[in-house]
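Thanks for coming, everyone. Let me put the structure up, and then we can walk through it together.

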Amino acid sequence: MGLKAKGLSEGYRSPTYYELAAPEELDWRPHRPESYREYRREWDRRGAEGQAGDFPLHLDIDPTNRCNLRCRMCPRTHYLETGQKHWAPLGLVDLDISLYQKIIASSEGTGLRSVKLNFLGEPLLHPRLPEMVAMAAQAGLWVMINTNAVALTPDLSRKLLAAGLTDIFFSFDSPYRQEYEAIRVGADYGKVLANIASFMEAKEEMGLNRVQTRASMVLSEGSDGLEGIKSDYIKLFRDLKVAEIGFGLPTVMGRDYSALPSPEDFVCPDLFRRLFVFNDGLCGPCCGDWERRLIVGDAGRQSISEIWNGEAYQKLRRAHLSGRHRDIPACRDCSVPYLSTVSA
């Protein structure tokens, strides 16, 4: 059953995600310039109109494929437990800082507006993450991370904020200790909440009202007592002054989504606004292409502009725009078209 059917439609944002916006006293948007709102309007326009422009608006760059947890619903955990290696062909390694520096430097003045430092790993494990944040911030970019917050010490929180971090998204999958620790295997409920509280205190002390904060959880299929879970989760993080609260639908590993009903005319909006750079420099278009079936370039050998405008990426866009997304095996197997039907 989709989010709308579960009574969460008032904050509906996408086929797979519902978000409760910040209350007025926690809202970060008024503290950002008009250029940020222009960027978000362009984000929406590109996705709606299928217009890619000359350069991505956003880069998702994976600092590392290492992680300190083995979360129950994570594809990374699935691949480790089943011995699959296509998601990490070089093993567990960090992104080379010189490659990252090259990507950021070559993207200045191109129309790039934001970068998120995250994909399949935990970004806080990269030893030079504050430096990476600073490079992007100095290039005039909005700088985001997703984190499980296990390694978010008070010292690291201040370093990241001082470096120019603008958005942080905490992945925290239950308001209840026992359930949280069963899902996020290896995490301590109390310590992680303390880390998040410390970050929020540092943000307030440093007067950084423009920094966006969000806590989100994945809803298990068939969750009972959803309204109670939702209410307790919102209270937990609003008490910590976290601005936004999100709930996502899961992609079930091993499920054959190609056999499930999905819109024939589905067009993925991300093909026209973002590019993913994996920790070894290979690039793809998709947050769900964990098996690397849609590689469109190599940032170690090509510029981001060459990849964005290259034939491999153009071919994907043409297939979607002409109603042929199911001709591409990775797109045919994707959960998002199916979930867009479930959530409608």
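Where is the place of Arg 40? Arg 40 sits in helix α1, which covers residues 34-49. One caution before we go on: this is a predicted model.

Now, is Arg 40 buried, partly exposed or exposed? Its relative accessible area is 29%, so Arg 40 counts as partly exposed. Along the chain, Arg 40 and Ala 299 are 259 residues apart.

Next, look at Leu 219. You will find Leu 219 in the loop between β9 (212-218) and α8 (226-238). Leu 219 counts as buried because its relative accessibility is 5%, and the cut-off for buried is under 20%. From Leu 219 to Lys 230 is 11 residues in sequence. C-alpha to C-alpha, Leu 219 and Lys 230 are 9.8 Å apart.

On to the helices. Start with α3 and α4. Helix α3 spans residues 97-107. Helix α4 spans residues 129-138. The axes of α3 and α4 are 10 Å apart, and the packing angle is about 15°. Angles under 35 degrees count as roughly parallel, so α3 and α4 are roughly parallel to each other. The crossing of α3 past α4 is right-handed. Who makes the contact? From α3 come Ile 97, Tyr 100, Gln 101 and Ile 104. From α4 come Glu 131, Met 132, Val 133, Met 135 and Ala 136.

Stay with α4 and turn to α5, residues 154-163. Here the axes come within 8 Å and cross at roughly 15°. So α4 and α5, too, are roughly parallel to each other. α4 passes α5 in a right-handed crossing. On the α4 side, the contact residues are Leu 129, Pro 130, Val 133, Ala 134 and Ala 137. They meet Leu 156, Lys 159, Leu 160 and Ala 163 of α5.

Now α5 and α7. Helix α7 runs over residues 189-205. How do α5 and α7 lie to each other, roughly parallel or oblique? Their packing angle is about 40°, with axes 9 Å apart. Therefore α5 and α7 are oblique to each other. The crossing of α5 past α7 is right-handed. In α5, the contact residues are Pro 154, Ser 157, Arg 158 and Leu 161. In α7, they are Ser 198, Phe 199, Ala 202, Lys 203 and Glu 205.

Keep your eye on Phe 199. That takes us to the aromatic rings. With ring centres within 6.5 Å as the rule, the count comes to 13 aromatic pairs. Phe 170 and Phe 199 form an edge-to-face pair, 5.9 Å centre to centre, with 80° between the planes. This pair links distant parts of the chain. Phe 170 is in strand β7 (residues 167-171), and Phe 199 is in α7, 29 residues apart. Both Phe 170 and Phe 199 are buried.

Another edge-to-face pair is Tyr 180 with Tyr 189. There, the centres are 5.7 Å apart and the planes make 70°. Tyr 180 and Tyr 189 are both buried.

Last, charges over rings. The charged end of Arg 214 sits over the ring of Phe 169, 3.9 Å from its centre. Arg 317 lies over the face of Trp 308, at 4.3 Å from the ring centre. That is my tour.

Note on methods
Residues are numbered from 1 along each chain as its sequence is written. This is a predicted model: local features need pLDDT of at least 70, side-chain atom pairs count only at pLDDT 80 or more; totals for chains, interfaces and linings use all residues. Side-chain values use heavy atoms; hydrogens and water are left out. Rings of Phe, Tyr and Trp (its six-membered ring) pair if their centres lie within 6.5 Å; planes under 30 degrees apart count as stacked, over 60 as edge-to-face and the rest as tilted. Helices (H or I, at least four residues) and strands (E, at least two) are DSSP runs, numbered from the N terminus. Buried means under 20% relative accessible area, exposed over 50%, partly exposed in between (1.4 Å probe, protein chains only). A charge sits over a ring if NZ of Lys or CZ of Arg is within 6 Å of the ring centre and within 35 degrees of the ring normal. Axes are lines fitted to C-alpha atoms, for helices over the stretch in contact, and angles run from 0 to 180 degrees between N-to-C directions. Angles under 35 degrees count as roughly parallel, over 145 as roughly antiparallel, 65 to 115 as roughly perpendicular and the rest as oblique. A crossing is left-handed if the near helix is turned anticlockwise from the far one by less than a right angle, and right-handed if clockwise. Contact means heavy atoms within 4.5 Å.
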